[in-house]
Amino acid sequence: MPHDLSSAWTTLHAASLSLGRIPTVLIVDDEPVTRLSLAARLSRMGVRVIEAASGLEGLAAIRRERPDLTIMDWMMPEMDGPTVCEAVRSDPHLQTSHIILMTSHDEPDQIAEGLARGADDFLSKSASKQEMLARVQSGLRSAALVRSIEDTRDALKHKQEELETELRSAALYVESLLPQAGEVAPGLQLSWVYRPSLALGGDLFNLARWDENSLYFYILDASGHGVSPALRAASFSTFLRPENLRHCIEANNPSCMLAEANRHYPMTPEGEYFTIWMGSLSLHDRTLRYATAGHGGALVQHRDGSIEWLTEPGLPLGLLPDTSYVLKTARLVPGDRVLLMSDGLYEAPSPAGEVWGLQRLGRILRDTVSRPLADVLPQLLAEAERWHGAASFPDDAALMGLECLG
């Protein structure tokens, strides 16, 4: 086998392996003799050859066949080669097509024009058989590389779609763990809104009756994002069920609950931990007792609109095994509201990077104090979304409210 054909076969074999099939070469020329001669040479290389007799036919064949390489004459009636190149480059589905322009006038200015209008390479009609084969080989190598990149891109896109589907499914599972809104005790109304991020965080909240005279409620946040923190948060929420807590502590005491949780959930070797705000409420006299482990998203809004933050500096869970948590007390009266929120809500960034912030949140709360809490919470979420400019936040956005009606 002559050296040039041997090299061509080697290149063809490599291209065939990369493409997963025999490469296709399209010849576009209005001269039948030129097409016949070029097709015969290419066929001896083992490629699949298709032909088109005009620029319009060639453009249709590129769209229909998606050839790996197109060899196109410059001068043709109706639509010349450079015009076809421009049409191909303007089509998002064809932009990666590899095109070699052929002409009998290989002047530098013409070569520059052809390349500027979308050709990938240039071939003189007077070129030797060796040069023609070399340029075809180069074009097939480029086509194989581009197709490999496209296949990788498509595979990554498919994997991304699968991952997003799994994350949405996991987010629905997390949401199934949230409490039922409505009346949780005489004169106490529960409302909440929850918007999980696409990355799936670990924000959860819940409310449960401890006994007939009291209830407790909390909001927690697992550090990090993804399935692992979300599953850890789900496990933690299971631990915080009353039937489990009663095995560990004797009274409805948030400080003791956090101390027990701190022992059960140490920081992981990867540095993952929880922050949590925990409160208990007496149904007899509306006394609220609370403790916090590094979570600052809790407040009381009094019926006159004023806001009192229920925060206390402290370490997150799991950092030190013998950490104690300060127990604080507040008294609720009819018209008061307790709000728990994740930082994903008030730290929602604008497109310019400025966070929405607690001041803006507080201003909306004061302006809406006379409205039912069930209407206020969706408005808060909507305002944060408008500030952020998108319906999904970088972190979970959770907001839970307990309203004293009487």
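Residues are numbered from 1 along each chain as its sequence is written, and side-chain values use heavy atoms, with hydrogens and water left out. Because the model is predicted, local features need pLDDT of at least 70 and side-chain atom pairs count only at pLDDT 80 or more, while totals for chains, interfaces and linings use all residues.

Buried here means under 20% relative accessible area, exposed means over 50%, and partly exposed lies in between, with a 1.4 Å probe and protein chains only. Helices (H or I, at least four residues) and strands (E, at least two) are DSSP runs numbered from the N terminus. Contact is taken as heavy atoms within 4.5 Å. With residues up to four places away in sequence not counted, F217 touches N206, L207, W277, M278, G279, L281, L288, V338, L340, M400 and L402.

Strand β9 also belongs to a hairpin with β8, with 2 residues between the two strands. Their pairing (two strands pair if DSSP finds at least two bridges between them) is antiparallel and extends over 9 bridges. Within it, R209 has L215 of β9 as its bridge partner. β8 (residues 202-211) is mostly covered, as 8 of its 10 residues are buried.

β8 and β9 are among the elements that cover the buried residues of helix α9, together with α7 (227-239), α8, β10 (274-282) and β11 (287-293). Of the 11 residues of α9, 8 are buried, namely P254, S255, M257, L258, A259, E260, A261 and N262. The loop between α8 (242-245) and α9 (254-264) holds I249, which counts as buried at 9% relative accessibility. Apart from neighbours within four places in sequence, I249 is in contact with W210, C256, M257 and E260. I249 and E260 are 11 residues apart along the chain, and their C-alpha atoms are separated by 7.9 Å.

E385 is located in helix α12 (residues 373-388). Its relative accessible area is 19%, so E385 is buried. Residues up to four places away in sequence aside, E385 touches R195, A390, A391 and F393.

Points are joined across faces, edges and corners, and a volume is the space filled by probe spheres set on them. The whole structure holds 1 cavity of 30 Å³ or more. The largest cavity has a volume of about 50 Å³ and is lined by P67, D68, T96, S97, H98, A143, V146 and R147.

The largest pocket has a volume of about 170 Å³. Its lining consists of T34, S37, L38, R41, M102, L123, S124, K125, A127 and M132.

How values were computed. On a 1 Å grid over the protein atoms alone, a cavity is a set of points where a 1.4 Å probe fits but cannot get out, and a pocket is an open set with protein on both sides within 12 Å along at least five of seven lines; lining residues have an atom within 4 Å of a point.
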